[in-house]
Amino acid sequence: MNDQTAGGAFAPSHGHAVVIGAGIAGLVAARAVADSFARVTVIDRDALPAEPGPRRGVPQSKQVHGLLGGGASALEELFPGFQDELVAAGGALGDGQVDHHWYLDGFRLRTAPSDIPGYGASRPLIEGVLRSRVAGLPGVKITDGVEVAGLEMTEPGRVSGVRVTERRAGAEETVLAADLVVDASGRASRAGMSLKSMGYPEPAESTVRIDLVYVTRHYAKRPELLGGRRLGVSVVPSPALPRMGVVMPEENDRYALLLAGMFGEEPPTDDAGMLDYARSLASPEVAAVIECATPLDEPAKMRFPASVRKHYEKLDRHPEGLVVVGDALCSFNPAYGQGMTVAAMEGVLLRRLLAEGHDRLPDRFFRAAAKLVDAPWALATGGDLRFPQVEGKRAPGDKLVNRYLERYRAAASVDPVLAATFLRVANLIEPPGRLLRPANVLRVLRHAPKATKGA
């Protein structure tokens, strides 16, 4: 293995950490714990590909993925040089305000030079770059083709490993002992059920049902599309039109095009149907790709019924030796592109807490992670609760805030400062409260009347 470290010299203390899942969250978690444990084993049920590519255990890997600015910063902190490696592997990098056109409620955000990064890369490429870095860390081993049957507890109050079975004929269940288990197994995580079987309460859940259906297809790049060099275009769904369209560049000289809809607005998968659907969007650039570019594969469809947040922080007791990260902790509406970014930020948090000590790690992590998740969860669920079809508790002041944000989105099509602030908040670089600063309120009142919809 290569002697790669991130953020300082490698100084493991002792013991063995097991990470369940070799996706983005699992790889980030492996990097986070590698400074504090002599050995780290990452296990995944899939046969991991030698080269970047979709895999069965991550069905959403064929879909468009967005790496937000906050996530890119977190990954750069954990893996110095990550951005350069991603670009060298074929990813695109540009100005997130200039090189990507954003349509909100039919208004296009005003473009201006900014320090907001914009990325274009497939989920498999991002995962492949991270997996290569993690595999090169001293003491880290990635093992694929392993099924997890459950958690092991050999002494009261402490998870001591995982029960695993190799995915081959005749394989027997064994116990992989661990001083720390990190569950990064995604939405299908069984951590809550395992806790229940060991006499612990299952965490409460918050659910916001959105009934999102999305379709991604890849097309060959053409020099006349997207202004020749721009990163892409995103049309965000609104109550007036609960449809979405995204075009982003990816490696291998291709575009990834996504069409999505909520509450029965299901995008078709035939050429004519996709074109008609795209023509209903505010930006003509989405339809132009379908009209002019050559498709490289068949459309891949996915359904995302609801955002789900598991409140481990509210449990009155936790077994030592277990933390839960990524989609296993909170899965967001993918329309906001927050999943990879929040997982990366959780990795930074986990590494910091381990550096402070191992005592009561689950309790400290779940409380701190809940605060970290609060902002992206509020952004995502707040956006979803604009739709009358979404069931959920609405605060008395929500109508007033939503009316202001409607005017904000309009004003941001005129004022580049408002547009930049919106993108910094959406990229999880700044907190949502920035949108309500008095100076921004004055800008909204001044510029909203000047806004016009369209490209």
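This report walks through helix packing, strand pairing and a few individual residues in a predicted model.

## Helix pairs

| Helix pair | Angle between axes | Axis distance | Handedness of crossing |
|---|---|---|---|
| H8 (residues 339–356) and H9 (residues 361–384) | about 150 degrees | 10 Å apart | right-handed |
| H6 (271–279) and H7 (residues 284–292) | about 160 degrees | 8 Å apart | left-handed |
| H10 (residues 398–411) and H12 (residues 438–447) | roughly 70 degrees | within 9 Å | left-handed |

Let's take H8 and H9 in more detail. Their axes pack at an angle of about 150 degrees, which makes H8 roughly antiparallel to H9. On the H8 side, the contact is made by Val 342, Met 345, Glu 346, Leu 349, Leu 350, Leu 353, Leu 354 and Glu 356. H9 answers with Leu 361, Arg 364, Phe 365, Ala 368, Ala 369, Leu 372, Val 373 and Pro 376. By class, this contact of H8 with H9 holds 13 nonpolar residues, no polar ones and three charged ones. As a reminder for reading such lists, an α-helix has 3.6 residues a turn, so residues three or four places apart point the same way.

H6 and H7 are likewise roughly antiparallel to each other. From H6, the residues Asp 271, Met 274, Leu 275, Ala 278 and Arg 279 meet Val 286, Ala 287, Ile 290 and Glu 291 in H7. Sorted by class, the contact of H6 with H7 has six nonpolar, no polar and three charged residues.

With H10 and H12 the arrangement is roughly perpendicular. Here Tyr 404, Arg 407, Tyr 408 and Ala 411 of H10 touch Asn 440, Val 441, Arg 443, Val 444, Leu 445 and His 447 of H12. That contact of H10 with H12 divides into six nonpolar, two polar and two charged residues.

## An enclosed helix

How much of helix H2 (residues 69–78) is buried? Seven of its 10 residues are, so H2 is largely enclosed by the rest of the structure. The buried residues are Gly 69, Gly 70, Gly 71, Ala 72, Ala 74, Leu 75 and Leu 78. Among the elements that cover them are helix H1 (24–33), helix H3 (82–88), strand S6 (117–120), helix H4 (123–135) and H8.

## Strands and sheets

Now for the strands. In general, strands of a sheet pair through backbone hydrogen bonds, either parallel or antiparallel.

Strand S12 (residues 204–220) pairs with strand S16 (residues 300–311) through 11 bridges, and the two run antiparallel. Within that pairing, Tyr 214 stands opposite Met 302 in S16. S12 also pairs with strand S15 (residues 254–262), again in the antiparallel sense, over nine bridges. There, Tyr 219 faces Tyr 255 of S15.

Elsewhere, three strands form an open sheet in the order S8-S9-S10, with antiparallel pairing. Its edge strands are S8 (146–152) and S10 (174–177), each of which pairs on one side only. From one strand to the next, the twist averages 35 degrees. S8 and strand S9 (residues 161–166) are joined by six bridges, and Leu 151 stands opposite Val 162 in S9.

## Residues in loops

Two residues are worth a look for their backbone angles. Most residues other than glycine have a negative phi.

Asp 253 is not a glycine, yet its phi is positive, at about 55 degrees. Asp 253 sits in the loop between strand S14 (243–250) and S15. Is it buried or exposed? Asp 253 counts as exposed, because its relative accessibility is 54% and the cut-off for exposed is over 50%.

Phe 263 also has a positive phi of about 55 degrees without being a glycine. Phe 263 belongs to the loop between S15 and H6. With a relative accessible area of 21%, Phe 263 is partly exposed.

One more loop residue is Asp 99, found between strand S3 (92–95) and strand S4 (100–104). Leaving aside residues up to four places away in sequence, Asp 99 touches Gly 94, Arg 230, Leu 231 and Gly 232. Asp 99 and Val 164 are 65 residues apart in sequence, and their C-alpha atoms are 46 Å apart in space.

Definitions and conventions: Residues are numbered from 1 along each chain as its sequence is written. This is a predicted model: local features need pLDDT of at least 70, side-chain atom pairs count only at pLDDT 80 or more; totals for chains, interfaces and linings use all residues. Side-chain values use heavy atoms; hydrogens and water are left out. Axes are lines fitted to C-alpha atoms, for helices over the stretch in contact, and angles run from 0 to 180 degrees between N-to-C directions. Helices (H or I, at least four residues) and strands (E, at least two) are DSSP runs, numbered from the N terminus. Angles under 35 degrees count as roughly parallel, over 145 as roughly antiparallel, 65 to 115 as roughly perpendicular and the rest as oblique. A crossing is left-handed if the near helix is turned anticlockwise from the far one by less than a right angle, and right-handed if clockwise. Contact means heavy atoms within 4.5 Å. Ala, Val, Leu, Ile, Met, Phe, Trp, Tyr, Cys and Pro count as nonpolar, Asp, Glu, Lys and Arg as charged, and the others, Gly among them, as polar. Two strands pair if DSSP finds at least two bridges between them. Buried means under 20% relative accessible area, exposed over 50%, partly exposed in between (1.4 Å probe, protein chains only).
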